[in-house]
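Thank you all for making the time today.

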Amino acid sequence: MVYYQRYKQRKKGEHLTEEDEECQSIIMGCSNSGYYKRTRPKLLSFVFLSLLSCSFILAPHLFYPNTTFSLLRLAADDMVAYVPSSSSISNGTIFCDRSSFRSDVCILKGDVRTHSGSSSIFVYRSREKINFTNYLSSIVEENEEENGEQLHREKIKPYTRKWEPSTMDTVTELGLVAKTDGTPGKQHECDVQHEVPAVFFSTAGYTGNVYHEFNDGIMPLYITSRHLRKKVVFVIVDFHNWWLMKYGDILSQLSDHPVIDFSADKRTHCFPEATVGLQIHDELTVDSSNMEGNKSIFDFRNLLDGAYRPRVTSLIHEREAKKKLSVSLSPASKRPLKIKRKVHEAQQLKRPRLVIISRNGSRAITNEHLLVKMAEKIGFEVEVLRPNSRTELAKIYWVLNSSDVVIGVHGAAMTHLLFMRPGSVLIQVIPLGTSWAAEEYYGKPARKLGLNYIGYKILATESSLHNKYGKDDPVLKNPASVTKKGWEYTKEIYLEGQTVRLHLTRFKKLLLRAYDCAIGRTTRHFEQQ
């Protein structure tokens, strides 16, 4: 993982006071009001407009003191951005919510047009559709140029880690511009007219790490677009072909339309509405209280099942075909042997399936082969899964979705807990110096998904660091004091500098607990068939 200290400090840090929240709310409300240009100032008109605007703003608070100045609301720990429904946003305008600690989200409604050459998105408003509020504004701008003058400008980097400047430096910044519908010009004529909204997001940042691909990208995309019921076009900034190949199955569950590579596609795409940036809730989770229809992490899990089920079915058919071929090529068996084979297969079905997510290099279990033997003696059917960046996600899903117990050492590969069935058992081996991250990034999400989660914190003697440092060294005795020094210490010492050798007698106690839980579930499933 990549942000142990900075994010940890933020979550444990001071919360905004009520006064600070009100100030931030007022500032944010003002920042979204836009700016207006004019050629000849009309002081009296401007004063009149200002007084009238203030009366609209203050009147609700004179009669209804509990109302708030801003359209924005801050969620717990500033994690969740509030984005109003498009029906509450005026045509030809830009609304930006920058209240979330994690990400900014802007909505453009009206005649939305892309211009990839300048990394810009324009929204035009028609003078023929001016309502009363816009009419008041037109008093000030009546002498402006008629050739599509700028009314409001915003900038945004559509990625969900805005508190990390170094990460956001890799993300393309987009300019959002609201203009009147004078004469858009040839460069803004629509080459492709879409009838559905667009969602713009970036696949830069930490893309390449499966945890971040899901936590910072796929799940926020689900949260932001699910309510559109596949009637949406995804426009990807910082596009990667491999990313689309890897996650195409999931995207097909969220959109009926082809993906657009924003930088490469120089055509002007026009939309009735666009959302720029993604909403994000918490680590590997979906907060149902912030979702239309109370969609939850279980609904996201169902979406994954729909995405991978066709490919998994194909893989199962391929396996069965290979089995039939091997049987047909072998010498004919007598009927008693066939009966014995069926009895044996029935017995195998009763054995719970244990999957070990194996690691190479740092944080690897060096006595993994002994762990496999011990698990088999307990009664598990054991499979060792060794995923890499090229492993097809559908195959990983197939293995983990059919498992009863999964064992893995803390790391990005634990993200695949999302592929496990609720009710199954997840054992996370927690190396020294990783306790906080293991709980926040995987322990809590596992419980929210309905998994029976067990965290196994290793002893100092189970870590290879035991051979490098004295028994009283803070690295072994007080890892928290070392990780407080910063991310580089955590990364060098605890993430990249240790392997694990399990005390099998100690670990066996957890494995027996997992077996008892799994065998009951397996037996019930077998009896129901």
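Let me begin with a term, since I will need it in a moment: a disulfide is counted here as a pair of cysteine sulfur atoms within 2.5 Å. Please keep in mind throughout that what you see is a predicted model. With bonded cysteines counted along the chain, the disulfides follow the pattern 1-2, 3-4, and a search of the whole structure finds two of them.

One is formed by Cys96 and Cys106, whose sulfur atoms are 2.0 Å apart. Cys96 belongs to strand 1 and Cys106 to strand 2, so this pair ties together parts that are 10 residues apart in sequence. The torsion about the S-S bond of Cys96 and Cys106 is about 110 degrees, so this disulfide is right-handed, and both Cys96 and Cys106 are buried.

The other joins Cys190 and Cys270, with 1.9 Å between the sulfur atoms. Here the link is between distant parts of the chain, 80 residues apart, with Cys190 in the loop between strand 5 and strand 6 and Cys270 in strand 10. The link of Cys190 and Cys270 is left-handed, with -105 degrees about the S-S bond. Cys190 is partly exposed, at a relative accessible area of 31%, whereas Cys270 is buried, at 0%.

Stepping back to the chain as a whole, there are 16 helices and 15 strands, and buried residues make up 48% of the 529 residues. If we take the contacts with a separation of 6 or more, 76% of them are between residues 24 or more positions apart.

At its N-terminal end, helix 6 is capped by Asn209, which places a side-chain oxygen 2.9 Å from the backbone nitrogen of Tyr211. Further along helix 6 there is a kink of about 25 degrees at Ile218, shortly before Pro220, and 16 of the 16 residues of this helix are buried.

Finally, two loop residues deserve a look. Asp238, in the loop between strand 8 and helix 7, has a positive phi of about 60 degrees although it is not a glycine, and Asp238 is buried. Asn294, in the loop between strand 10 and helix 8, also has a positive phi, near 55 degrees, but Asn294 counts as exposed, at 56% relative accessibility.

Technical notes. Residues are numbered from 1 along each chain as its sequence is written. This is a predicted model: local features need pLDDT of at least 70, side-chain atom pairs count only at pLDDT 80 or more; totals for chains, interfaces and linings use all residues. Side-chain values use heavy atoms; hydrogens and water are left out. The bend at a residue is the angle between axes fitted to the seven residues ending there and the seven starting there. Helices (H or I, at least four residues) and strands (E, at least two) are DSSP runs, numbered from the N terminus. Buried means under 20% relative accessible area, exposed over 50%, partly exposed in between (1.4 Å probe, protein chains only). A polar contact is a pair of N or O atoms within 3.5 Å; within protein, one must be able to donate a hydrogen and the other to accept it, and residues adjacent in sequence count only if both atoms are side-chain atoms. Contact means heavy atoms within 4.5 Å.
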